[in-house]
Amino acid sequence: MRVGVVRFPGSCDDVDALLAAERVGQTELLWHKDRDLHGVDAVIVPGGFSYGDYLRAGAIARFAPVMEEVVEFAAAGGLVLGICNGFQVLCEAGLLPGALLRNTSLKFVFRQVDLDVVDHDTPFTREAPDRLSIPVKHTTGRYYTPEPVRVVLRYATNHNPNGSQDDIAGVCNEAGNVFGLMPHPEHAVDPLTGSTDGLAIFESIKAHVGDLVQA
Amino acid sequence: MSVTSSRHRELGLTDSEYELILEGLGREPRDVELAMLSLMWSEHCAYKHSKRLLRRLPTEGRHVLVGPGENAGAVDVGGGLAVAFKVESHNHPSAVEPFQGAATGVGGILRDVFAVGARPIAVLDSLRFGDVTQSARSRYLLEHAVAGIGHYGNSIGVPTVGGEIYFEPSYEQNCLINAMCVGLAPRERLIRSAAAGPGNVLVLLGALTGRDGIGGASVLASAELGEGDADKRPSVQIGDPFAEKKLLECCLELLDRGLLVSLQDLGAAGLTSSASEMASKGEVGLDIDVSSVPLREADMEPFEIMVSESQERMLCVVEPERVGAVLEVCEHWETLATPIGQVTTSGRFRILKRGEVVGDLPVGLLVDDCPLYDLEPAAPEAPLYPGTPPVLASQATPAEVLLTLLASPNLASRRPVFEQYDPVVQSRTVRRPEQADAAVLALPDGSAIAVSIDGNGRRVACEPRAGAFEVVLECAANLACVGAEPLGLTNCLNFGNPEKPHVAWQLKEAVEGLSEACESLDVPVVGGNVSLYNESPDGPILPSPVVGMVGKLPDASRAGRLGFAREGDVIALVGPFQPAHTGSELAKLQGQAPAGRLPFKDVPAILDAQEKVRSMIRSQALQNAHDIAEGGIAVALAECCLAGGLGARVALPEGLDPFGEDLGTGFVVSGDPEALGDFPVIGRVEGKRLEIDGLLDVSVDKLQSAHSGGLDALLR
């Protein structure tokens, strides 16, 4: 399996996402100007501050040439994972419903939070246990949607760090192949640097891609 | 030659300094030349009141790769890797505009580190504000400075892994914002800033040049333009972490490809200081044509372009045949790159405007000829700093004292602050704040570096030499608690006006104390910064040397922790800990002035204790280690309970002051009874209460609410 990680100018957690994905497969860095996804099996849009998050988080990145390819890839059923800033980009690009607003505190928050996996029937959570401990770090992470949405992750009771609607931490599209979340699973893959609960997301992707190859 | 104009005085030069300039130049300086000279001869650039003192600091050691004088110092950490680091102040800008002042302080220190070829991997901060319980202004400065630090560090993807904050009335008008950056580089990528190779091209990288930070020269500005109010000019720089992120990646790629001869960041005094220092170190001359410099405002005068402090800019020297390749890399990273001049053999720094010479100065006059001044130190006869109104009654019970200390702004949990920083980006952080006494960052070969930053102005005020000595000990003790051995240190000397004898005495004594400590511990100083004139009509700030120390541990997975780990572990007190009430947090809360003698230091015994703790953390004989700092052993025990979520039963040695302090000398450790060997046992980890025999008995929950609420309440 090969996982592509998009790098925009201003991406910060791109290398972290590469390191995490390397634990389950091969990886490929995708430059924001690329018009080709190099045949990867899944795409990660990583965290950070793409284009400085100027104007609005994710608002400029959605116009990057590589995003046209990502949108096409998603439409064809390809797996797309957006983490933090990547989640914001996927919402801006219309791949996921809703939007991310400023935290109710109006401050950046870093915190290790507990998450309830409320939908295991996705390519990203099929291998996940019911409860995950993963860090969040963002200023613009309060999820809001006026329409019904397929919720995959919720902050556990008293763990909502940003005022998200209905404690929503991660959502996917109807088809289930595009997943966005504010917590950072790539920062929870090594006992040395914290928890290892985030690995379940990457292992799920690997299992799903493995099934596709066999099928 | 006689002094005919007073313009130099308005720019901060004395008459005798101006006489030296006239002599060196053989004529009156032109406007652009005077602007450049006034900045290069300022305290900030020339260190004219501190340079002679700083020569006292030991700078050599077996691990040192780059010592003081470069953008940042560097030490060898093995495996072909170097760690570069430096601490710098951004005090005055932060007092004017705390968010941008603190943000650009971080931006500046990051540039210092990638200017030597290292990727910034960690930021730490040392902050000082007035009394936040009394001063709304200090709460405002705290809130916005913290937000500014987070904004820059978080956005550029460098983790903020540690720091310290103290609140004292003497910082009310002069808050301190010291930022330290640590970077990692393959040894062969380290680069120096000396310009070399006549005919080589000077390329300016990064942001457009605007009128930011021309405060120092604003008098000249109004004189030249003959209109407007100089005060209205923007003098605080505005940070753009996105621009710096691209600049950082761009510079590292340029270095990886071997395209640069030298590299330097643009900090205080902008192009003037970075270019002249590059020329001085390389013993060459430079020509810069200001009409080539890309401007944000079209009508800038040559002197404005030369002294602008616009952020996110670097200057590099490139061989002519490589300029094309450099511009290509810069285009990839969407970073502006413009050839603006060249290296010459003249030994002169010439400023041109569309080919016409508008300034022409010997490099030596700019960089080397500023006179150095000896201080005239005199010890004060009476304490310089008054006590603060008492907040603790003398009849308070020990439990009340402990809870009050834990909730006091200087000791309360820093969580409301560090939750605003990203400590994990780059996936190296093995110990985050409140997990251990020092931050720990993993290296690729399984080893790790540890970093700590410390300072305590109250104790330095009591006895500047002993207090500064203690700061270094405290840093080394923090490193020992995670199992790390010191490799080198950086310092920032924050003091009042050195022309005043009492401040001069504080400065001289503190430098002496730092030097003695560095010699005792065999830890060299690889770089630093001096911030003087931190003074208001109410007097000088507390003498505030801040020390940042980097150490190494062989196995990242064995890094020590601060919290008690297991029920039933035995607790021991290690080290020649001789606590005293003088200069303690408790003394402060009781309204006593910071004055009196600090405890005597038995250096061999301290080194022995630090070595034992270090080696027993490395061998995993200890389950936790915590150095006893502010608030004494009672607070240290409470902190171990809080970090581990476990209680303890302790009997203190006869006569030991539970709240007395003796920094850097004592440790609270725990582990198996057999593993602790001959360490003096004082108790056991058990239950959910902290019980100190004959003194206090408080639930961990109660400790928790005091500790976590202290700062939270002030920040909301």
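**Exercise 1.** State where A:N158 lies in chain A and whether this residue is buried or exposed.

*Solution.* A:N158 belongs to the loop between strand 9 (150-155) and strand 10 (168-172) of chain A. Strands here are DSSP runs of E with at least two residues, helices are runs of H or I with at least four, and both are numbered from the N terminus. The model is predicted: local features need pLDDT of at least 70 and side-chain atom pairs count only at pLDDT 80 or more, whereas totals for chains, interfaces and linings use all residues. Residues are numbered from 1 along each chain as its sequence is written, and chains are lettered from A and ligands numbered from 1 in the order in which they are written.

Next, the surroundings are counted. A residue is buried if 20 or more other C-beta atoms, placed from the backbone, lie within 10 Å of its own, exposed if 12 or fewer, and partly exposed in between. A:N158 has 8 C-beta neighbours inside 10 Å and therefore counts as exposed. Its phi is near 70°, a positive value in a residue other than glycine.

**Exercise 2.** Describe the six-stranded open sheet of chain B and identify its edges.

*Solution.* The strand order is 1-2-3-6-4-5, with mixed pairing; two strands pair if DSSP finds at least two bridges between them. Strand 1 (64-66) and strand 5 (160-167) of chain B each have a single partner strand, so one side of each is left without a neighbour in the sheet.

Within the sheet, strand 3 (residues 81-89) and strand 6 (residues 176-186) of chain B are antiparallel over nine bridges. In strand 6 of chain B, B:G183 is the bridge partner of B:A84.

**Exercise 3.** Find which residue classes make up the side of chain A that touches chain B.

*Solution.* The contact takes 23 residues from chain A and 22 residues from chain B, where contact requires C-beta atoms, placed from the backbone, within 7 Å. Helix 1 (14-22), strand 6 (109-117) and strand 7 (131-138) of chain A each give two or more residues to this side. The residues on the side of chain A divide into 12 nonpolar (Ala, Val, Leu, Ile, Met, Phe, Trp, Tyr, Cys and Pro), five charged (Asp, Glu, Lys and Arg) and six polar (the others, Gly among them).

Note on methods:
Two residues are in contact if their C-beta atoms, placed from the backbone, lie within 7 Å.
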